[in-house]
Amino acid sequence: MNTHTPPFQPVSQDDVAWLGTDPIPASPYYDPAYFELERKAVFLRSWIQVGHVCELPDPGSFIRREIEFANASILIVRGKDGAIRAFHNVCTHRGTQLVMAEAGRQSTFSCPYHMWTFATDGALVSAPDFDQFHVAKKDCALPAVAVGVCAGLIFLSFAERPEPLRDWLGDLADRLEALPVARATTFSEYVYEIDANWKLTYDNFQENYHLRFIHPRSGGAATGPDNPFGYPVHYGFHGPHRTQTIWSNRAAPPPPAPALLSYGKAAEAAAAHGIMVSQDAKDYFALFPNFFLLGSPLQHFSHVVMPISATRSRGVIRLYWIGEDDSASERFAREYLMATARDIHSEDRGVIERGQRGLSSGALQHIHLQTQEILCRHLFRSVDAAVEAYKAEMASGAEARA
Amino acid sequence: MSALLPPGFATLEPFAMRWAGETAADRAHLRAAYPDAERDAFHAACAPRLEAGLAHLDETPLAALDEAQQRLMRLLLTFAHVSLAVEVQGPDEAQHAPLRASMRITRTPADR
Ligand code: FES
Ligand SMILES: [Fe+2]
């Protein structure tokens, strides 16, 4: 029987023509004024992934997240009732930050200044000499922030009236729920800071054009003779979100022995947990504006690029696992798989900063994106549409006031 | 001198003090902490013992490993990082090391 696979066919320009071919303006990748618009039009109006339910295993479990784009410290708490809530980490008496620990478990939260004490649902439960005040306790709850959970992933929204998270995710919500992340109980994590715009950083991870140049040794089976750039086999567009189905070279030379051992162990673990290596295993999910998840159960990682300023960002990469390490082999496999992902991401980080230095000089009016960088184009168009809509809204508001 | 590792891993004894990093971040750091020749010697000694080492450790629940076994575990975990230097990066390892320095490992299940 003849079993050879048909030669690779890149996605054609015709399929993505609706996204245009114009050069992209360069200033949105360094201009602080554009960043300020994005902050308001995109980040303060979108669902932003900030954690995972496995970080909140018990009633009273909490995590604190510093969200620079909102200039906010947020406390995410599992209540006595099991529900997950988010609050500004701000005492309602006179504003003191309530919690300094990054994570922990408490049945109440007491402010060190005058000992106002809040329950896990945010209610003010006690305050010394409260009779002296001129306000009711029920009006002194911690300020809530909208929180949503899909596939175990915790999202926050600072929008005034956020649409439900599942509506925001659209058809991707059910696909995410079917992935291992929905059942993860722990993770490995590495974090980087980068002197680069969040879009420039994020774009690196949604184009494969660079693979053979930036990952000549770590790239492995990502490229091959009939697909020398390792372009994806498919792009999907889902409102502001997008997916790509990655290609791999089945004829690539086998990876080193520790890699084979680790992938083998990871596949065994996935099977033991009843995880099918489905079609989605080859899919990269890019949730607007700044979140990625690779569907593969073997190296199931998420990557968030948090904007700090026009030219500074923070990346958080997590490899999600189901169950604690149950054997030495599994522990080895997890360490190896994390280290391989980290090697590749390190190579990316270096070249992204170099790109920012060039862009920030202001020498370029435009940058150019080819057909196989269409996901970068889609991100820019989605961001710019939100920015333009915001500007129009502000202008009509100003007119109405005039 | 008493053995630092379980019986059967004598060829790894010379590396047991230096290469058994405590945390994943320590182990990632060890990958580039010593001259290439020392790293290569550790790699050459450990590569043929990886499978046997894991098979030995797999017989005992992780929480019940004795001190020598725990050290062997950490040694093999450092090997995961070192193997990437030798088997994947090869001649590019020296220029790759500074790129990794900015990727801070903040948590792994092994560290908890
Ligand atoms: S500011 Fe918190 S109790 Fe006074
Ligand atoms: Fe890359």
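How many aromatic pairs does the count give over all chains?

Reply: The model is predicted, so local features need pLDDT of at least 70 and side-chain atom pairs count only at pLDDT 80 or more, while totals for chains, interfaces and linings use all residues. Residues are numbered from 1 along each chain as its sequence is written, chains are lettered from A and ligands numbered from 1 in the order in which they are written, and side-chain values use heavy atoms, without hydrogens and water.

The count comes to 25 aromatic pairs over all chains (rings of Phe, Tyr and Trp, the last by its six-membered ring, with centres within 6.5 Å; planes under 30 degrees apart are stacked, over 60 edge-to-face, the rest tilted). One of them joins F43(A) and F69(A): the ring centres are 5.2 Å apart and the planes stand at 45°, so this pair is tilted. It links distant parts of the chain, 26 residues apart. F43(A) belongs to the loop between helix 2 (32-41) and strand 2 (47-52) of chain A, whereas F69(A) belongs to the loop between strand 3 (61-67) and strand 4 (72-78) of chain A (DSSP runs numbered from the N terminus: helices H or I, at least four residues; strands E, at least two).

A second example is formed by W116(A) and F130(A), whose ring centres lie 5.7 Å apart with planes at 65°, so the arrangement is edge-to-face. W116(A) and F130(A) are each buried.

Aromatic residues also gather in a cluster in chain A. Y202(A), F205(A), Y284(A), F292(A) and F301(A) together make up one aromatic cluster.

The charged end of R318(A) sits over the ring of F187(A), at 3.8 Å from its centre (NZ of Lys or CZ of Arg within 6 Å of the ring centre and within 35 degrees of the ring normal). R212(A) likewise lies over the face of F229(A), and here the distance from the ring centre is 5.4 Å.

Technical notes: Buried means under 20% relative accessible area, exposed over 50%, partly exposed in between (1.4 Å probe, protein chains only).
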